[in-house]
Amino acid sequence: MLRFYESKKIADVYVKYRPTYSKEVANVVVNFLKRNRGIAEETAVVFDRLIDVASGTGQATGLFAPFFKRAVGIDVSAEMLKQAQQQNVFRHVTYKQGAAEKIPASDNSADLITSAESGHWFDLPKFLQEARRVLKHDGCLAIICSTFPTVIEPLELPGGNEYVMGKYASDLFTKCLLEGKYDVVAYNHVFNKYKDIYKAIPSNTKEYNDDLTLHFQWTLEEVVGHLKSVDSVHNVLIQKAKEFEELGVEVTEELLKPFDLSERFRGEVKAAWNVEEIPDSEVLIRGEADMFIILVSNL
Ligand SMILES: C[S@@+](CC[C@H](N)C(=O)[O-])C[C@H]1O[C@@H](n2cnc3c(N)ncnc32)[C@H](O)[C@@H]1O
């Protein structure tokens, strides 16, 4: 099983810098569940039980929680769950350690199983088998993900040129991510927008939705933070820290900084945008990512 989100450090940046999802994402999923139960979209319903698999720090769990009487977020990482519990504002939401391939829930118990930004890490056949076991006969599965930001455009740049500099920053962001240490098979699922995962799901009552875009208003500090929360960037630092430790060298933040791809992004973007004198928190950015959602009933 792949486990890339185990450290406290990545959980701390993840909770701070990863965006939550828009209401439209919740609507697409909940309306699918309603359609499958013959409920009109405009009818307000509170379903019984949600299980959010690989809940991380709880972004998707919190999004869907208002539509359920009980919601459980499940994740393999104790550190991600600790953050999720600290952020939790719902009395009916709980978090539990467990894996997508062995969901800690009883048979026929969930109305909806969700998984956001995480389906590419799973052993898909085992996850689907578990989802089938845990879902009620009329329950649904929603697998949600987004691309890496496709647009990172400065809002007010000294000297203008926002579009060209936006393209430069978006390309640099992707380049930094791909220079990191990542699982090629998992990332390929994201690059093809889960179309291969969609094909592999053995159900003829499934839908693929890529109509939604995630919009962000960020500062440069937040873009850099987002990059720090991505496993490929984080894994380089873990590997470097190990190498230094093996050499008996004391590992400090300063020592690791030259290997931090998010710091490289920050330095190169600030130079290209000519904003070196402006604090990162005052450099305003518009961002976008493409969303894709797999919806399945009769699993
Ligand atoms: C990119 S985060 C997504 C977190 C959250 N769902 C969100 O939308 O932001 C991926 C999460 O998947 C978890 N994860 C990876 N493989 C898993 C598995 N096989 N079973 C359960 N959780 C897993 C990681 O621990 C991490 O918290």
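Helices (H or I, at least four residues) and strands (E, at least two) are DSSP runs, numbered from the N terminus. By that rule, the chain has 12 helices and 9 strands, and Lys 193 sits in the loop between α7 (184-191) and α8 (195-200). This is a predicted model, in which local features need pLDDT of at least 70 and side-chain atom pairs count only at pLDDT 80 or more, while totals for chains, interfaces and linings use all residues. Residues are numbered from 1 along each chain as its sequence is written, and side-chain values use heavy atoms, leaving out hydrogens and water.

**The chain as a whole**

- A compact globule of 299 residues would have a radius of gyration near 19 Å, and the chain agrees with its 20 Å. The radius is taken over C-alpha atoms, and the globule rule is 2.2 Å times the number of residues to the power 0.38.
- Along the principal axes, the C-alpha atoms fill a box of roughly 60 × 50 × 35 Å.
- The accessible surface of the chain is about 14100 Å², and 52% of it belongs to carbon and sulfur atoms. Such areas come from the Shrake-Rupley method with a 1.4 Å probe; for residues, only the protein chains shown count as cover.
- Of the 299 residues, 53% are buried. Buried means under 20% relative accessible area, exposed means over 50%, and partly exposed is in between (1.4 Å probe, protein chains only).
- Among contacts (heavy atoms within 4.5 Å) between residues at least 6 apart in sequence, 74% join residues at least 24 apart.

**The nonpolar core**

- In soluble globular proteins, nonpolar side chains tend to be buried together.
- A nonpolar core is a set of buried Ala, Val, Leu, Ile, Met, Phe, Trp, Tyr and Cys residues joined through side-chain atoms within 4.5 Å.
- The largest one here has 86 residues, and those with the most contacts inside it are Phe 64, Ile 113, Phe 127 and Phe 265. Strand β9 gives the largest share of this core, 8 residues.
- This core lies between domain 1 (8-148 + 184-213 + 290-297) and domain 2 (151-180 + 217-286), because both give residues to it. The domain bounds come from an automatic or database domain assignment.
- Leaving aside residues up to four places away in sequence, Phe 127 touches Val 53, Ala 100, Ile 103, Ile 113, Ser 115, Phe 122, Leu 141 and Ile 143.

**Helix α12**

- The 13 residues of helix α12 (residues 261-273) should span 18 Å at 1.5 Å a residue, and the end C-alpha atoms are 18 Å apart, which agrees. The expected span is 1.5 Å times one less than the number of residues.
- Just after α12, Asn 274 takes a positive phi of about 60°.

**Single residues**

- Asn 108 is not a glycine, yet has a positive phi of about 50°. Asn 108 lies in the loop between β3 (93-97) and β4 (110-116) and is exposed, with a relative accessible area of 53%.
- Lys 193 has a positive phi near 55° and is partly exposed, with a relative accessible area of 24%.
- Ser 229, in the loop between α9 and α10, is buried, with a relative accessible area of 0%.
- Ser 297 lies in strand β9 and is buried at 5% relative accessible area. Among the residues that Ser 297 touches are Phe 32, Asn 36 and Cys 140.
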